[in-house]
Amino acid sequence: AKLLVLHSVLQFIWGRRLSDCNAILKALQPIFQEQGMTETVHNWEDHGYLVTYIKKNGSFANLRIHPHGLVLVDLQSYNDHMKGREETDQLLNKLEERMKELFHGSIKRVKRLPTILRGGIIDRYWPTADGRLVEYDIDEVVYDEDSPYQNIKILHSKQFGNILILSGDVNLAESDLAYTRAIMGSGKEDYTGKEVLILGGGDGGILYEIVKLKPKMVTMVIFILYAKEGRMFDYVINDLTAVPISTSPEEDSTWEFLRLILDLSMKVLKQDGKYFTQGNCINLTDALTLYEEQLSRLYCPVEFSKEIVCVPSYMELWVFYTIWKKQMEV
């Protein structure tokens with residue numbers, strides 16, 4: 001069977017007595033020794049213990065006993081998936097039972113984190129926009145190739161369907177109609193007979209949905225080509241990129257690109273037209289505030305509103321913007 005790395009963490013929070021550190025070490029040592037693991041003990045005055053246990057097959061455990069009331073057990077095993085999980089669970093169960101016996105119910109909290117698999121054919125772990133690690137229920141790699149511009153993956157999720165991932169960034173899944181509806185105005189707009197410009201939208205979701213609403217013409221491009229041609233649009237839908245997470249817009253070329261797109265979009269937008277775009281994760285407040293500041297720097301005055309939508313495969317709340325030219329008083 002293919003060897004995998006199973007990374008498991010067990011943590012205890014207990015009473016804060018420095019003398020307990022040595023008692024914990026002596027109580028847990030036999031459990032590791034029963035596994036045939038070689039022990040190395042590191043001890044710091046007033047800083048507790050770090051103990052490493054290593055098996056002949058390369059599996060190992062780190063036992064960290066902090067004097068301020070925290071015990072961490074970090075296990076990494078090298079084995080086939082099912083056998084490795086069983087062995088890991090058995091060892092963690094024994095450690096948990098021994099700790100409970102030792103402290104007779106005085107442990108304030110026990111937390112066992114789900115096992116992380118490394119080295120498998122399928123990668124289930126992808127970060128959210130605000131830096132949290134999410135495990136997806138991926139069961140198949142549908143497509144994985146490098147284009148001249150980026151890595152393109154399509155992974156199948158039991159919960160979300162096929163997910164498009166571009167250079168490590170989760171873009172969109174079959175479950176994410178909420179995204180498409182939000183970037184089109186959440187059903188509040190009448191597209192009948194209107195001129196619509198879609199920027200980006202390479203997955204085809206926006207185009208697929210908008211043609212159902214009987215617009216006069218839909219133009220879909222990678223970049224704005226009409227700023228000097230005098231062509232005007234009722235709606236511009238920007239699906240090129242999210243608001244950058246960088247908080248240094250003067251040093252980030254993505255911010256420069258974003259400002260260029262905004263200015264060009266306003267130039268091809270009719271006076272009573274609307275511009276729709278995604279923002280980013282609701283938790284990235286600094287980046288969103290910077291984006292809103294950029295709106296005051298455009299060649300024409302604009303106003304905006306925003307909507308917060310839950311996009312299923314993102315596993316986070318996402319901000320969408322509607323921007324329009326400010327109506328000048330006559």
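This is a predicted model: local features need pLDDT of at least 70, side-chain atom pairs count only at pLDDT 80 or more; totals for chains, interfaces and linings use all residues.
Good morning. Let me begin with a hairpin formed by strands β3 and β4, which have five residues between them; in its turn, Gly-58 has a positive phi of about 95 degrees.

Strand β4 covers residues 60-66, and six bridges join it to β3 in an antiparallel arrangement. As one example of the pairing, Leu-50 has Arg-64 in β4 as its bridge partner.

On to the other hairpin of β3. Strand β2, residues 38-44, also runs antiparallel to β3, and seven bridges join the two. Here Val-41 is paired with Val-51 in β3. Three residues lie between β2 and β3 in this hairpin, and Asp-46 in the turn has a positive phi of about 65 degrees.

Let me now turn to the helices. Two packed helices are described by the angle between their axes and the distance between the axes. For α5, residues 253-268, and α6, residues 285-294, the angle is about 40 degrees and the axes are 11 Å apart. The two helices are therefore oblique to each other, and α5 passes α6 in a right-handed crossing.

Which residues meet there? From α5 come Trp-255, Leu-258, Arg-259 and Leu-262, and from α6 come Ala-287, Leu-290, Tyr-291 and Gln-294. By class, this contact has six nonpolar residues, one polar and one charged.

Thank you for your attention.

Terms used:
Residues are numbered from 1 along each chain as its sequence is written. Side-chain values use heavy atoms; hydrogens and water are left out. Axes are lines fitted to C-alpha atoms, for helices over the stretch in contact, and angles run from 0 to 180 degrees between N-to-C directions. Helices (H or I, at least four residues) and strands (E, at least two) are DSSP runs, numbered from the N terminus. Angles under 35 degrees count as roughly parallel, over 145 as roughly antiparallel, 65 to 115 as roughly perpendicular and the rest as oblique. A crossing is left-handed if the near helix is turned anticlockwise from the far one by less than a right angle, and right-handed if clockwise. Contact means heavy atoms within 4.5 Å. Ala, Val, Leu, Ile, Met, Phe, Trp, Tyr, Cys and Pro count as nonpolar, Asp, Glu, Lys and Arg as charged, and the others, Gly among them, as polar. Two strands pair if DSSP finds at least two bridges between them.
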